[in-house]
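Visitor: Hi! I have a new model open and would like a tour. Could you walk me through it?

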Amino acid sequence: MSEFHVRAVAEGEQRACLQVLEEALHAKPISDEAWAKMAPSWPAAGKFAAFDDDGTPVGITSSFEIELTVPGGQKLTTAAVDGVGVRADWTRRGILTTMMAVQLEDLAARGVPLAALHASEGVIYGRFGYGAATFCKGVYVERPRAQVRDGVGREGLVRFVTPAEAVERVPALYNRFQGTDPGFASRPAQWWPGFFDRLVTGNDGYRVAIHSGPDGDDGFVAYQTIDARDRQAPERGAIIEVRALQAATPRAWAGLWRFLLSIDLVSAVAGRGRPMDEPIAELLTDPRAVNTTEVIDDLWVRLVDVLAALRARTYGTAEPVVLEVFDKQLPDNNGRYLVGPDGVERTTAEAELRLDVSTLSSLYLGHGLVTDLALSGRVEVLDEAAAVRADALFHTARAPWCGTFF
């Protein structure tokens, strides 16, 4: 049986490594035109690949650096893991485990405190210390039943922009957003060509509209229109499928939703990946016009440096708790941590709660409750009162949300 070795990807090897990822995800071969668009988003830096004896890549794990907003507003350097895959004829040989270990060890050596990814399957990444840290919902808003309340969302102006204008204007607009809510991710220059630019300049008919308020442009939406007519309902309106909607202010957010719900010849406005606490129903005279179609995990987070990550966020009001953390991949994280409103320190005090790094990563951005995780056996509770205190310390008022795919 052929052996493999894992090493950093060198310049000139990116396209072959991307092809491995595309094959693992059952995508079509990369054309020259597609690679020309993807290349700026796929530098060699941050990539490790498994190579066979002939030097052919058979597995890939890739990341680039972003800043992720954590509870309290601090922006923490994070490895955005944007591609993990193994060629089908090389699976079940330990390649994935080896690549993930090499990547984590590299991040730890470079002092990157967090890693994050969007999981293709929910059973893979927990064993590498990742935990589902943000969730999102799908929405389906019925039209014409959905009428926005009088006076709401009327203060600004919404205008269409061409694909070329969207590519030029939206990145600068996004960078204006403060991103104070947990889970907000920065978008470095290399992110845009491979994701947003491909979306709006492709052949799927996406349109982009920008909202402007008193201080200038303050929100945008990207959507496509799907023809919902058939023989039984030839007059049925189209479905607007929202791919992205983000705003710097509540007024801009309301204005964008008012715009979408005012478009003629539409039967519904649908969107996936929306924030769990997005109050669309509160905009409407009939809140039952909004249906939640799904709730799914979104951003998975991995604490690479537990102490640095815990120190970077703020906590609610409660007496400190002592957490004992277990980390199989990065044993330097093993130990007890005193976590409280005044800070975080390593400690030798008796543990009150025991959990692995995957569970701690799930809690890190403020989603979920320790008491719930204890019921499912993911947290060992040595002091019942400590579990309640930990809920008050870790949970955030706003549900964490990322809104950026990579």
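Guide: Happy to! One term before the sheet: two strands count as paired if DSSP finds at least two bridges between them. Keep in mind too that this is a predicted model.

Visitor: Good. So what order do the strands of the open sheet come in?

Guide: Seven strands make up the open sheet, running E1-E2-E3-E4-E5-E14-E6, and their pairing is mixed.

Visitor: Which strands stand at the edges?

Guide: Those are strand E1 (5–8) and strand E6 (131–132). Each has a single partner strand, so one side of each is left without a neighbour in the sheet.

Visitor: And E1 with E2, parallel or antiparallel?

Guide: Antiparallel, over four bridges, with E2 covering residues 47–51.

Visitor: Changing topic: how many aromatic pairs does the structure hold?

Guide: There are 13 aromatic pairs. Take Tyr174 and Phe184 as one of them: the ring centres are 5.2 Å apart and the planes are at 15°, so the pair is stacked.

Visitor: Where in the chain do those two sit?

Guide: Tyr174 is in helix H4 (residues 163–176), while Phe184 is in the loop between H4 and helix H5 (191–201). The two are 10 residues apart, and the pair links distant parts of the chain.

Visitor: Is Tyr174 buried or exposed?

Guide: Tyr174 counts as buried, at 1% relative accessibility. Phe184 is buried as well, at 14%, because the cut-off for buried is under 20% relative accessible area.

Visitor: What about Phe177 and Phe220, how do their rings lie?

Guide: The planes of Phe177 and Phe220 are at 5° and the centres 6.4 Å apart, so this pair is stacked. Phe177 belongs to the loop between H4 and H5 and Phe220 to strand E10 (residues 216–226), so the pair ties together parts 43 residues apart in sequence. Phe177 is buried with a relative accessible area of 9%, and Phe220 is buried at 0%.

Visitor: Which residues do the ring pairs link into a cluster?

Guide: Tyr174, Phe177, Phe184, Trp191, Trp192, Phe195, Phe196, Phe220 and Phe405 are linked into a cluster by ring pairs.

Visitor: Now charges over rings. Where does the charged end of Arg93 sit?

Guide: Over the ring of Trp90, 4.3 Å from its centre. For another example, Arg207 lies over the face of Phe160, at 3.7 Å from the ring centre.

Visitor: What lines the largest cavity?

Guide: Its lining is Leu323, Leu353, Leu355, Leu363, Val370, Val379 and Phe394. By class that gives seven nonpolar residues, no polar and no charged.

Visitor: And how much space lies in the second largest pocket?

Guide: About 700 Å³. It is lined by 26 residues, and the closest to its centre are Asp181, Ala247, Ala248, Arg398 and Trp401.

Visitor: Which elements give two or more residues to that lining?

Guide: Strand E11 (238–247), helix H6 (250–260) and strand E12 (266–275) do.

Visitor: How does the lining of that pocket split by class?

Guide: The second largest pocket has 15 nonpolar, five polar and six charged residues in its lining. By contrast, the largest cavity has no polar and no charged ones.

Methods: Residues are numbered from 1 along each chain as its sequence is written. This is a predicted model: local features need pLDDT of at least 70, side-chain atom pairs count only at pLDDT 80 or more; totals for chains, interfaces and linings use all residues. Side-chain values use heavy atoms; hydrogens and water are left out. On a 1 Å grid over the protein atoms alone, a cavity is a set of points where a 1.4 Å probe fits but cannot get out, and a pocket is an open set with protein on both sides within 12 Å along at least five of seven lines; lining residues have an atom within 4 Å of a point. Ala, Val, Leu, Ile, Met, Phe, Trp, Tyr, Cys and Pro count as nonpolar, Asp, Glu, Lys and Arg as charged, and the others, Gly among them, as polar. Rings of Phe, Tyr and Trp (its six-membered ring) pair if their centres lie within 6.5 Å; planes under 30 degrees apart count as stacked, over 60 as edge-to-face and the rest as tilted. Buried means under 20% relative accessible area, exposed over 50%, partly exposed in between (1.4 Å probe, protein chains only). A charge sits over a ring if NZ of Lys or CZ of Arg is within 6 Å of the ring centre and within 35 degrees of the ring normal. Grid points are joined across faces, edges and corners, and a volume is the space filled by probe spheres set on the points.
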